[in-house]
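I opened this entry to log what I looked up, one item at a time. Sequence and coordinates come first.

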Amino acid sequence: DWRLHLASGCIAGLVATVLGSPPDILATKAMQKQGRYGGLRASEIAVKMVKTEGFLAFYKGFWPNFLRVGSFNITMWFLYEQMKRLMDEKVPRA
């Protein structure tokens, strides 16, 4: 069912964004040469972020990131399943 494939892609994108946002935020802040986080290690940045900005700072920009990652996952899984179905119809498995 195509609705299941769309929902699966959406959930995959959501999970990928939830798990990937904190490392992305840490990496972005670790690349700063100057400023609040300049020269700090990732663990030091994480502690400082939680103390000064709160835990939700790891998810700044979540929705734009989800739109990017989610739309990719939705498209990828939907097309993969549809192509697999079409190929199975055209070329039956032995």
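Leaving aside its neighbours within four places in sequence, which residues is Y59 in contact with? I found V18, S21 and P22. I took contact to mean heavy atoms within 4.5 Å.

**Ground rules.** I am working on a predicted model, where local features need pLDDT of at least 70, side-chain atom pairs count only at pLDDT 80 or more, and totals for chains, interfaces and linings use all residues. Residues are numbered from 1 along each chain as its sequence is written, and side-chain values use heavy atoms, with hydrogens and water left out.

**Y59, continued.** I placed Y59 in the loop between α2 and α3. Its relative accessibility is 23%, so I logged Y59 as partly exposed. The scale is relative accessible area with a 1.4 Å probe on protein chains only: buried is under 20%, exposed is over 50%, partly exposed is in between. I also checked Y59 against A27, 32 residues apart along the chain. Their C-alpha atoms are separated by 13 Å.

**S21.** I turned to one of the partners of Y59. S21 lies in helix α1. Is S21 buried or exposed? It counts as buried, because its relative accessibility is 3%. Neighbours within four places in sequence aside, S21 touches F58, Y59, F62 and N65.

**Whole chain.** I counted three helices and zero strands in the protein chain. The order from the N terminus is α-α-α. Helices here are DSSP runs of H or I with at least four residues, strands are E runs of at least two, and numbering starts at the N terminus. The C-alpha box along the principal axes is roughly 60 × 20 × 20 Å. I then looked up the radius of gyration, which is 19 Å for the protein chain, whereas a compact globule of 94 residues would have one near 12 Å. The radius is taken over C-alpha atoms, and the globule rule is 2.2 Å times the number of residues to the power 0.38. Buried residues make up 24% of the 94 residues. Of the contacts between residues at least 6 apart in sequence, 62% join residues at least 24 apart.

**α1 with α3.** I described each packed pair by the angle between the axes and the distance between the axes. The axes of α1 (residues 2–30) and α3 (residues 62–90) come within 7 Å and cross at roughly 140 degrees. That makes α1 oblique to α3. Axes are lines fitted to C-alpha atoms, for helices over the stretch in contact, and angles run from 0 to 180 degrees between N-to-C directions. The residues of this contact divide into 13 nonpolar, nine polar and two charged. Nonpolar covers Ala, Val, Leu, Ile, Met, Phe, Trp, Tyr, Cys and Pro; charged covers Asp, Glu, Lys and Arg; the others, Gly among them, are polar.

**α1 with α2.** How far apart are the axes of α1 and α2? I read 10 Å, at an angle of about 105 degrees, with α2 spanning residues 42–53. The two are therefore roughly perpendicular. From α1, I25, L26, K29 and A30 meet A42, I45, A46, M49 and E53 of α2. This contact has seven nonpolar, no polar and two charged residues.

**R36.** I located R36 in the loop between α1 and α2. Beyond its neighbours within four places in sequence, R36 is in contact with K48, T52 and E53.

Technical notes
Angles under 35 degrees count as roughly parallel, over 145 as roughly antiparallel, 65 to 115 as roughly perpendicular and the rest as oblique.
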